[in-house]
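Biologist: Please take me through a model of this kind feature by feature, giving the general idea before the particular case.

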Amino acid sequence: MENPNTTNTIGQEKILHENTIFAEPIYQNKNFTITNALITSWLAVIIIIIISFILRSKLKEIPKGIQNFFEMVLDGALSLCDQITNSRDLSLRIFPVAISAFFFILINNWLGLVPLGGFGILERGKEGLSFIPFLRGGTADINTTLGLAITAVIGANLFGVFSIGAWKTLNKYVNLKVLGEIGKKIKKEPTVILVAPVTFFVGLIEIIGEFAKVASLSFRLFGNVFAGEVLLASMAALVAFIVPIPFIFLEILVGFIQALIFSILLTVYFTIGASDHDDEHEHEEKKEVAIIN
Amino acid sequence: MESIISTFHIDLKIIIAQVINFGIVLAVLYFYALKPLNKLMKERSEKIEKGIKDAKENAEVLNNTKNEYKDVITKAKNEAHVLFQDGKKEAETKKNQMIEEATKEVAMMIENGKKSLENEKAKMITETKGEIAALAIKMTEKIIGAKLDGTFDEKTVNEINKL
């Protein structure tokens, strides 16, 4: 799969500027390939570490500058988190993961936009010399987004195990409880013999749903960011000056929105993980009884 | 699946590396930024809440003190007024009493004065009477004595002059 490419020349030979759908390898260390997306991610980690240390060293009771900004962000993000979880306690537990994902993705997205992509190495491939930039947006590599999505989904389930217990979390997918209740309820409600297998099957579908979550999270983020990079490259190839500027601003916005969407979805998955279906069901039944009465 | 892996160059090692990267970000952000910042914000809001509560309490205490102060002042004023009135009454009574006593004393003194004057007068009269009687007796004696020895006229005149 190839994207709009540009070419330069060194002497007689053409250099290919290619926007590949995968991150290009920069350095091979035994079995481990260091790609340009991985380097960008390390850079993002270093930036976050530096900002964190600066923030930590400048923490004061009366906030100023960077602390003021981060307090504002923290407060806003926490209230947004509250809207999803409906509980401050739950928000405070999910929030560190969500905000970390947000900053990690945001900086990775934006690093793909900085013009440092001009630095790189020339490598001789099948089609001649091709230019490989040192930096590529970390999230423009499916490995990064897949890693984050897997972390989010596994994290949500682990969070569920710690919040409501392993048995209840297991019953969301392999609903043994509902099968066990057939014997108990069959005299009262004969329909249970039809409902219980359906419920059990729905549980199994949830397992597929978890894989779908990984796919949707990773491909959404990767697709948006990679498409942005291709768009910018295409615009730059068409008209080198001025024309790409609005698109850069658009990509800054897209980078922010995608980071926000990912962290909001992560919060939603964590909240679902920590919610107990039985409690909700009982609560609804009580409500119904109350309404009937 | 194979085609997806080869197209996107999906590499488990890089995925793990990225998960580790995210883990580092999470740990650093949590321990160096979120936890202390959250703690600080919580402490600050607690302080502000306490400050507002204290200020309310202080305002209440101040209000109560003002009211108490007003009450005390009013009470003191009333007491002072009562004391002043009592003092005034007492002073008046004492004044009247003293005047009365003084009048009585003066009357008594006048009475005593009168009495002693009368006594003195009576005494003087009695004494004068006695002296006159004695004088008369002496005169009589003299007159009678001179007649007998014929020197009455001259001696009597001298005697009387000597008196």
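Biologist: Where is A:Asn86 found, and what is its phi?

Modeller: Most residues other than glycine have a negative phi. In this predicted model, A:Asn86 is found in the loop between α2 and α3 of chain A, and its phi is near 65 degrees, a positive value in a residue other than glycine. Residues are numbered from 1 along each chain as its sequence is written, with chains lettered from A and ligands numbered from 1 in the order in which they are written. Because the model is predicted, local features need pLDDT of at least 70 and side-chain atom pairs count only at pLDDT 80 or more, while totals for chains, interfaces and linings use all residues.

Biologist: Is A:Asn86 buried or exposed?

Modeller: The test counts other C-beta atoms, placed from the backbone, within 10 Å of a residue's own: 20 or more make the residue buried, 12 or fewer exposed, and anything in between partly exposed. A:Asn86 has 10 such atoms and is therefore exposed.

Biologist: Which strands does the loop that holds A:Lys30 join, and why does A:Lys30 count as exposed?

Modeller: A:Lys30 has its place in the loop between β3 and β4 of chain A, and A:Lys30 counts as exposed because there are 5 C-beta neighbours inside 10 Å. In this hairpin, which has two residues between the strands, A:Lys30 takes a positive phi near 55 degrees. Strands are said to pair if DSSP finds at least two bridges between them, and here strand β3 (residues 25-29) and β4 of chain A pair in the antiparallel sense over four bridges. Along this pairing, A:Tyr27 has A:Ile34 of β4(A) as its bridge partner, while A:Asn29 stands opposite A:Phe32 in β4(A).

Biologist: How many residues does each chain give to the contact between A and B, and which element of chain A gives the most?

Modeller: Residues are in contact if their C-beta atoms, placed from the backbone, lie within 7 Å. The contact takes 35 residues from chain A and 27 residues from chain B. On the side of chain A that touches chain B, the elements that give two or more residues are β4 (32-35), α1 (36-57), α2 (65-85), α3 (88-111) and α4 (142-164), with α1(A) giving the most, ten residues. That side of chain A divides into 23 nonpolar, nine polar and three charged residues, where Ala, Val, Leu, Ile, Met, Phe, Trp, Tyr, Cys and Pro count as nonpolar, Asp, Glu, Lys and Arg as charged, and the others, Gly among them, as polar.

Biologist: How far apart are the end C-alpha atoms of α1(A)?

Modeller: The expected span of a helix is 1.5 Å times one less than its number of residues. The 22 residues of α1(A) should therefore span 32 Å, and the end C-alpha atoms are 32 Å apart, in agreement. Among the buried residues of α1(A) are A:Leu38, A:Val45, A:Ile48 and A:Leu55. Helix α7 (residues 192-238) of chain A has 47 residues and reaches 65 Å from its first C-alpha to its last, close to the expected 69 Å. The buried residues of α7(A) include A:Leu217, A:Phe222 and A:Phe226, and what covers the buried residues of this helix includes α3, α4, α5 (166-173) and α8 (244-274) of chain A.

Biologist: What radius of gyration does chain B have, and what pLDDT does chain B average?

Modeller: The radius of gyration is taken over C-alpha atoms, and the globule rule is 2.2 Å times the number of residues to the power 0.38. A compact globule of 163 residues would have a radius near 15 Å, but chain B has 64 Å, and its C-alpha trace spans about 200 × 30 × 15 Å along the principal axes. Chain B has three helices and zero strands, and buried residues make up 9% of its 163 residues. For pLDDT, the predictor's confidence in each residue from 0 to 100, chain B averages 86, with 91% of the residues scoring at least 70. Among the elements of chain B, helix α2 (residues 12-149) has the highest mean pLDDT (89) and helix α3 (residues 152-162) the lowest (68). The model scores ipTM 0.83 and pTM 0.73.

Technical notes:
Two residues are in contact if their C-beta atoms, placed from the backbone, lie within 7 Å.
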